[in-house]
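Hi,

Here is the structure I promised to pass on. Have a look at it first, and then read my notes below.

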Amino acid sequence: MFSAPAGSRMIEFRSGNIRAVNPERAVLEALELAYGTDRPDCAVLLILGVVGHNLESLSRVAARQCPEARILAASCAGVVGRDGPGESMHDIAVMGISGEGFGVAHVDGLLGPTSFSKGVELAQELQQAAPHPVRMVYLLASGIDIANDRLIAGIESVLGPEVVIFGGTSSDQMQGVSSQQAVDGELFQHAALAVGFWDPDLHVVTQASHGFVAVGNPLRVTKAEGNRILELDGQPAWQAYLQRLGLPADATEADTIPIGALAELLPENLARDYGNPHILRVVTHHTPEGGLLYATDCAAGTDLWITVRDEERIFNDVDRMLAAMATAAPDGHLLAVFHADCLARGRRLFQRVIKEELIHRLQMPFLQQGQVPPWFGMYGFGEYARLGQANSYHNYTTALAALYQPAPA
């Protein structure tokens with residue numbers, strides 16, 4: 001566990017994103033964009049690296065530049081920063097956090113069956129050194145074989161349901177093979193990394209939206225164990241899923257993820273809050289026996305709909321989300337925006353012009369004196385944001401968390 005040392009400095013965020021093949025150049029240029037000519041001064045440095053980069057190499061360079069900082073890194077399919085989106089194999093984004101009122105923790109061995117216990121362990125480590133209750137958590141977790149609802153429940157069992165969880169899950173390039181995380185240069189594949197904030201003056205507003213539409217008759221889960229769906233409509237789940245998508249038996253996750261969002265029906269009150277009657281789920285992997293590794297626990301009897309994207313609705317839902325965030329925003333100074341976007345909402349969903357228009361639309365309401373605030377975004381396998389005043393896990397969404405401090409009296 002690490003906690004920022006006691007002192008008088010207010011919490012501060014600095015961000016930068018860049019495209020560079022060489023890891024040293026990538027980190028140096030991203031830090032220069034974040035800090036200018038000043039020496040990077042941060043207690044925690046977060047790094048998102050597209051899978052063409054080696055997280056260990058990025059972390060080593062970062063440690064030389066920020067020797068006092070803890071270095072937390074995760075793989076992704078693209079980044080979004082103050083300079084817009086980047087989805088080449090060699091884009092990176094950094095976010096430096098300095099001041100006081102926060103700490104970091106991590107756990108390894110995070111899998112579907114261990115998700116609750118690892119959530120408990122992570123939260124206990126966050127709270128252990130915190131002088132005050134942890135009020136919000138930025139969470140970067142493994143993106144494959146994880147029951148995210150159980151992870152959230154584990155964290156809440158320690159920190160309480162009032163804690164606000166935001167962030168996303170790491171990814172590869174939509175292959176569903178391996179997502180990676182790194183802590184101070186040590187590499188993991190099934191870890192969760194967290195920054196816990198206990199500063200009582202810090203406030204966060206989160207929202208998520210997807211804009212997809214459920215179609216046809218649902219598939220019914222007829223056999224499941226935790227986050228493993230074994231049968232759909234009485235057939236091996238992977239087989240039934242491919243058939244419903246119209247894909248051949250040798251299709252892979254690279255074929256299914258862009259078009260295979262599964263929808264669960266929401267209760268009416270949550271559907272109103274979400275602006276959509278369904279919440280989406282991604283299938284990131286399948287077992288040799290034909291089971292689906294689902295993103296949350298899923299009980300037998302659950303109905304799952306295939307969905308299609310509705311481009312107009314995607315943009316309308318983003319506008320609804322931004323309006324809701326503006327209404328909920330407290331009076332005060334915007335410190336930073338954390339952004340998690342589904343990897344299928346990047347270049348695989350939109351042509352470049354439309355994608356950049358969507359990011360511009362997201363960032364415009366947060367401009368300060370014409371400038372984008374510190375912004376740390378990823379294209380990953382999933383997103384954490386509140387829904388109906390409760391922590392939730394989302395897929396195929398854009399999820400934003402805006403952090404504020406009150407204005408001086």
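Predicted model: local features only at pLDDT ≥ 70, side-chain atom pairs only at ≥ 80, totals over all residues.

Residues are numbered from 1 along each chain as its sequence is written, and side-chain values use heavy atoms, with hydrogens and water left out.

Start with strand E7, residues 91-98. (Helices, H or I with at least four residues, and strands, E with at least two, are DSSP runs numbered from the N terminus.) 8 of the 8 residues in E7 are buried, meaning under 20% relative accessible area; exposed is over 50% and partly exposed lies in between, with a 1.4 Å probe and protein chains only. Both faces are covered: Asp91, Ala93, Met95 and Ile97 on one side, and Ile92, Val94, Gly96 and Ser98 on the other.

E7 has pairing partners too (two strands pair if DSSP finds at least two bridges between them). Strand E2, residues 12-19, runs antiparallel to E7 over 8 bridges, with Phe13 opposite Ile97. Strand E3, residues 44-50, is also antiparallel to E7, joined by 6 bridges; there, Leu45 has Gly96 as its bridge partner.

Now the cores. A nonpolar core here is a set of buried Ala, Val, Leu, Ile, Met, Phe, Trp, Tyr and Cys residues joined through side-chain atoms within 4.5 Å. The largest has 58 residues, and Phe366 and Tyr384 are among those with the most contacts inside it. Helix H8 (residues 311-328) gives the most to this core, with 6 residues. A second, separate core of 37 residues includes Ile97, Met136, Phe188 and Ala336.

Finally, there is an open sheet of 6 strands with mixed pairing, in the order E6-E5-E24-E23-E27-E14. Its edge strands, E6 (84-86) and E14 (203-209), each pair on one side only. Within the sheet, E23 (residues 333-342) and E24 (residues 375-380) run parallel, joined by 6 bridges, and Asp341 has Tyr379 in E24 as its bridge partner. H8 packs on this sheet, touching E14 and E27 (398-405), and its direction makes about 165 degrees with that of E14. Contact means heavy atoms within 4.5 Å; axes are lines fitted to C-alpha atoms, for helices over the stretch in contact, and angles run from 0 to 180 degrees between N-to-C directions.

Cheers
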